[in-house]
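This report considers the pockets and the salt bridges of one protein structure. Please keep the sequence and the model in view while reading.

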Amino acid sequence: IATSINKTNIASASLAYNKELGDFKTRFTAKFLREERSRKTTYAEGEDFVADGIKTLTGSTTKASMRSSEQEEKTSNYFLEANIDWQDKLIFNGLVRRDGSSLFGKDNRWNTFGRTSLTYLLSEDVKIKGVDLLKLRASYGTSGQRPVFGAKDEVYNINTRTGNLEATTLGNSKLKPSVNAELELGFNVAFKNNITLGFTYANATVKNDFVRVPLPSVFGFTQKWDNLGSVGYNTYEIEIGAEIIRSKDINWGVTLSWDRTRQNVEDLGGLKPFSRGRGSLFRVEEGKPFGLMYGFKSVKNINQFPARKDGTLIVANSKINYTRLNAARATKGLPALDGSKLKASDFERNEQGYLILKGSKGTQDEQVFFETDKDGNEKMTQIGNTNARWNMGFTSNFQYKNFSLYFVLDYHHGGDIY
């Protein structure tokens, strides 16, 4: 049985002022936004009911349990925005916002962000043959991201066996927003033959991301949410559009887009490289792309094993039972093996192309080996990258009177999926 009660209260107010001063058109806006959200959940379960068809918890004889949670979030936002247009060809926009949220630590409850942009319609001053519109644009802005609920708070768990409180997460009164700062440059061209071209370059940095940091036992807590590091992004994007048909009853337009993004971990705030995600699959390390997958790589070539001076190979300790394996090898006329002194001639490939020990095929000791370091340990190595090398998209929008047909095709080149 589960119940959930969600409540959202939103209040806003805005004030705008418009004024024309000669060649200038101006608009100034002030806005306030207040949001309050709460969520209460209750969950109860039970098994082995005393009578069929009666699904009440009082009729449960085993594993009856109940738990509940309550969350509350409050935010206040103030905005000041200015739009200035000069002769319909030079357009400036600026925004300053002041954000406050109960999700941040009490010492960093309020934060300021901003954005500015400038657009220049060059085609108003420079006439280019075959071009209807040529627009140059540039913008820079910052925005904040909020942490998960409870990240700033001390967290204790109740041991259901002893009834004691167990400290888990140390509170952080200085927890602040993760900040995304982005610079964007680009242009747009509209040709007279109904073809458009757009180009965008974006450079962004995400600083003070939220990281759950393990703590030494001396703190009395196992972990703490903190702001650490920065990740940089570079993106190039090209878009080409065309109106193939434009008439009274039929309109058909298509768009082809291409983009490439590179992201790199620039700073970890003094932390050593660490793993995250399910099974600690994803590795985070300074100077390397964000989204790398690390694991153990199975051996297909003998040179994946380090070699000693005497020609024997350094192979990680395995679960192979050499006593049992050597007994099986003896029935095939093969000599006994010493797991610490294996040679290249002791291996063969199975049907999948992986190296296994000769004489082990089809037995319980048929084992695939992982790459090994010089100390004889299985080596963690990069096995994948979630980042696509580039992306491409195609859209088509066909309209005939009141009938329309729209579809999108997306293609991702490169990138691994787990």
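Does Asp 88 count as buried, partly exposed or exposed, and what is its relative accessibility? In this predicted model, Asp 88 has a relative accessibility of 43% and therefore counts as partly exposed, since that class lies between 20% and 50%.

**Salt bridges**

The side chain of Asp 88 meets that of Lys 25 in a salt bridge, with 3.4 Å from N to O. Asp 88 is in the loop between β3 (60-86) and β4, while Lys 25 belongs to strand β2 (residues 24-49), so the contact ties together parts that are 63 residues apart in sequence. Lys 25 is also partly exposed, at a relative accessible area of 40%.

A salt bridge also joins Lys 89 and Asp 125, whose closest N and O atoms are 2.5 Å apart. Because Lys 89 sits in the loop between β3 and β4 and Asp 125 in the loop between β5 and β6, this pair ties together parts that are 36 residues apart in sequence. Lys 89 counts as buried, with 11% relative accessibility, whereas Asp 125 is partly exposed at 40%.

In a further pair, Lys 343 and Asp 346 meet with an N to O distance of 4.0 Å. Here Lys 343 is partly exposed at 40% relative accessibility, and Asp 346 is buried at 9%. The whole structure holds 17 salt bridges.

**Pockets**

| Pocket | Volume | Lining residues by class |
|---|---|---|
| Largest pocket | about 530 Å³ | 14 nonpolar, four polar, five charged |
| Second largest pocket | about 350 Å³ | five nonpolar, 13 polar, six charged |

The largest pocket is lined by 23 residues, and those nearest its centre are Phe 210, Val 211, Phe 274, Arg 276 and Val 284. Two or more lining residues come from each of β10 (195-214), β11 (223-246), β12 (250-267) and β13 (274-276). Of these, β10 gives the most, with seven residues.

Around the second largest pocket there are 24 lining residues, with Arg 97, Phe 113, Thr 142, Ser 143 and Gly 144 nearest its centre. The elements that contribute two or more residues to this lining are β4 (90-101), β5 (110-121), β6 (131-145) and β9 (178-191). The largest share, seven residues, is supplied by β6.

Technical notes:
Residues are numbered from 1 along each chain as its sequence is written. This is a predicted model: local features need pLDDT of at least 70, side-chain atom pairs count only at pLDDT 80 or more; totals for chains, interfaces and linings use all residues. Side-chain values use heavy atoms; hydrogens and water are left out. On a 1 Å grid over the protein atoms alone, a cavity is a set of points where a 1.4 Å probe fits but cannot get out, and a pocket is an open set with protein on both sides within 12 Å along at least five of seven lines; lining residues have an atom within 4 Å of a point. Grid points are joined across faces, edges and corners, and a volume is the space filled by probe spheres set on the points. Helices (H or I, at least four residues) and strands (E, at least two) are DSSP runs, numbered from the N terminus. Ala, Val, Leu, Ile, Met, Phe, Trp, Tyr, Cys and Pro count as nonpolar, Asp, Glu, Lys and Arg as charged, and the others, Gly among them, as polar. Buried means under 20% relative accessible area, exposed over 50%, partly exposed in between (1.4 Å probe, protein chains only).
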